[in-house]
Amino acid sequence: MDWLTDEEWVALRLSFQVGLCAVAGSLVPAVAVGYVLARWQSRWKWLLELVVNLPLVMPPVVTGYLLLVCFAPRGPLGSLLERWLGLRIVLTWWGAALAAAVVSFPLMVRAIRLAFQAVDPRLELAARSLGARRFDAFWSVTLPLARRGVLAGCVLGFARSLGEFGATIVVAGNIIGETQTIPLAIFSYFAAANRPGSDAQIWRLVGISIALAAGALLASEWLERRQASREST
Amino acid sequence: MNRLSFHCTHQFAGSLALDVAFDTSAQVTALFGHSGSGKTSVLYMIAGLLRPHAGSIHFEDQTWLDTRRGINVGAADRRVGFVFQDHLLFPHLSVERNLMYGRRRRSSAIEPRRVIEVLELGDLLARYPRNLSGGEKQRVALGRSLLSGPQLLLLDEPLAALDEALKDRILTYFQRVVAEWHVPTIYVSHSPAEVCRVADHVIVLEQGRVGQVGRPADVLLPNQSSW
């Protein structure tokens with residue numbers, strides 16, 4: 001498989017590793033927040049929506065800077081993680097995963113919230129009248145009915161994670177083989193545009209990025225349509 | 001003696017203010033009234049799915065709700081079966097798994113085989129709700145509630161979406177269920193004929209309050225033109 005250089009393969013592997021880790025880490029909170037936003041009736045709901053959607057509209061570099069302040073070795077959260085778990089976030093692939101998780105979180109929540117909104121809330125009442133507790137009713141009825149939407153949210157979140165650049169470079173840096181994901185690699189090749197072969201490297205990674213993004217969007221679209229057609233039958 | 005005592009008040013966001021009080025120990029009690037009179041809300045309160053602003057609900061020697069003493073037994077612990085107007089079967093589960101949903105969560109003396117026999121559900125077990133007719137869905141919903149081992153059964157206009165011929169068939173199934181298991185039942189309807197056929201006792205609700213109470217033939221038939 002010599003159509004990619006070792007460096008490009010590592011960037012591809014790291015991108016998948018970061019994306020999968022970001023989605024896995026965001027899944028439970030995204031399901032919880034998506035469910036609350038779909039069902040909760042409160043005048044304070046706008047505040048939760050604002051907080052959740054902030055990373056979507058804030059410059060990624062600002063998000064990255066805030067994460068850096070919090071998770072730096074002497075930051076409020078970074079020092080705790082290092083002391084308790086021996087986990088270092090800044091300038092490691094964990095930092096890239098954290099940045100990707102934060103930036104993709106609003107997209108995941110949005111898709112998951114729509115999936116929960118499509119499930120009749122009275123089905124949970126029916127489950128509770130049959131002896132199910134609230135969490136049991138959610139777990140056995142609402143979540144299985146929303147599963148395609150949840151999966152679509154994961155696919156979207158993964159795709160967004162693959163493309164994350166601004167917050168990642170601030171938190172995790174651009175270290176070949178350690179934190180350099182596809183967008184960071186493209187940036188590096190672009191910065192060294194005079195080097196022989198860098199154009200070809202850029203185009204290979206651009207092609208892979210487009211293919212991955214298009215594939216993820218198609219998958220997410222297909223899953224959401226299946227969810228909608230299930231609801232209409 | 002299966003006595004249900006209900007006295008609740010509730011102010012809805014719209015204009016309806018509910019202030020309903022009744023006692024019943026009949027086998028089948030009908031809650032009768034026009035749309036918007038508060039019938040369904042009363043069922044939701046009995047089932048523990050809607051908490052009234054104030055009041056109390058007692059069944060036999062159990063207190064399900066007493067807002068003054070801060071008692072509110074959760075829906076899962078009241079052992080109340082609820083058949084919803086639009087059945088609310090779980091679309092992702094087969095008929096068999098719908099039927100067993102409540103039984104897996106509560107012990108019940110009611111035999112699944114007998115319920116399937118009485119409601120003639122045997123041929124439907126492997127099918128999914130989307131492939132059932134309206135009448136079949138209501139039979140499955142009735143069977144599902146029965147199999148959760150209810151000490152009180154609530155039926156919220158179970159025939160509202162069915163045509164006349166089908167209504168007659170489902171009522172026959174319902175009467176078989178009452179005859180076989182004797183579960184005390186609250187039956188919501190706005191059809192005098194339906195109420196006269198199935199209920200021993202009727203409570204008429206008018207704009208959130210109890211109007212007349214008595215035997216269906218005494219209460220509904222003399223005033224039939226006004227319903």
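**Exercise 1.** At what angle do the axes of helix α1 (residues 6-39) of chain A and α7(A) cross, and within what distance do they come? Describe their arrangement and the residues that make the contact.

*Solution.* The model is predicted, and in it the axes of α1(A) and α7(A) cross at roughly 80° and come within 13 Å. Angles of 65 to 115 degrees count as roughly perpendicular, and α1(A) and α7(A) are therefore roughly perpendicular to each other. On the side of α1(A) the contact is made by V31(A), Y35(A) and R39(A), while α7(A) brings F138(A), T142(A) and L143(A) to it. Sorted by class, the residues of this contact are four nonpolar, one polar and one charged.

**Exercise 2.** How many residues of chain A and of chain B are in contact, and how much area do the two chains bury between them?

*Solution.* Contact joins 20 residues of chain A with 23 residues of chain B. The two chains bury about 1900 Å² between them, and 61% of that area lies on carbon and sulfur atoms. Within chain A, the residues that lose the most area to chain B are R122(A), S129(A) and L130(A), which together account for 34% of what that side buries.

**Exercise 3.** Which polar and charged pairs link chain A and chain B, and which elements of chain A take part in the interface?

*Solution.* The rule finds three salt bridges across the interface, and one salt bridge is formed by the side chains of D136(A) and R105(B), at 2.6 Å from N to O. Six residue pairs are in polar contact between the chains. In chain A, α6 (122-129) and α7 (134-145) are the elements that give two or more residues to the side touching chain B, and the largest share, seven residues, comes from α6(A). That side of chain A divides into 10 nonpolar, four polar and six charged residues.

Notes
Residues numbered from 1 in each chain as written. Chains lettered and ligands numbered in written order. Predicted model: local features only at pLDDT ≥ 70, side-chain atom pairs only at ≥ 80, totals over all residues. Heavy atoms only, no water. Contact = heavy atoms within 4.5 Å. Buried area = accessible area lost by both parts, 1.4 Å probe. Salt bridge = Lys/Arg side-chain N within 4 Å of Asp/Glu carboxyl O. Polar contact = N/O pair within 3.5 Å; in protein donor to acceptor, adjacent residues only side chain to side chain. Helix = DSSP H or I, 4+ residues; strand = E, 2+ residues; numbered from the N terminus. Nonpolar A, V, L, I, M, F, W, Y, C, P; charged D, E, K, R; others polar. Axes fitted to C-alpha atoms, helices over the stretch in contact; angles between N-to-C directions. Parallel < 35°, antiparallel > 145°, perpendicular 65-115°, else oblique.
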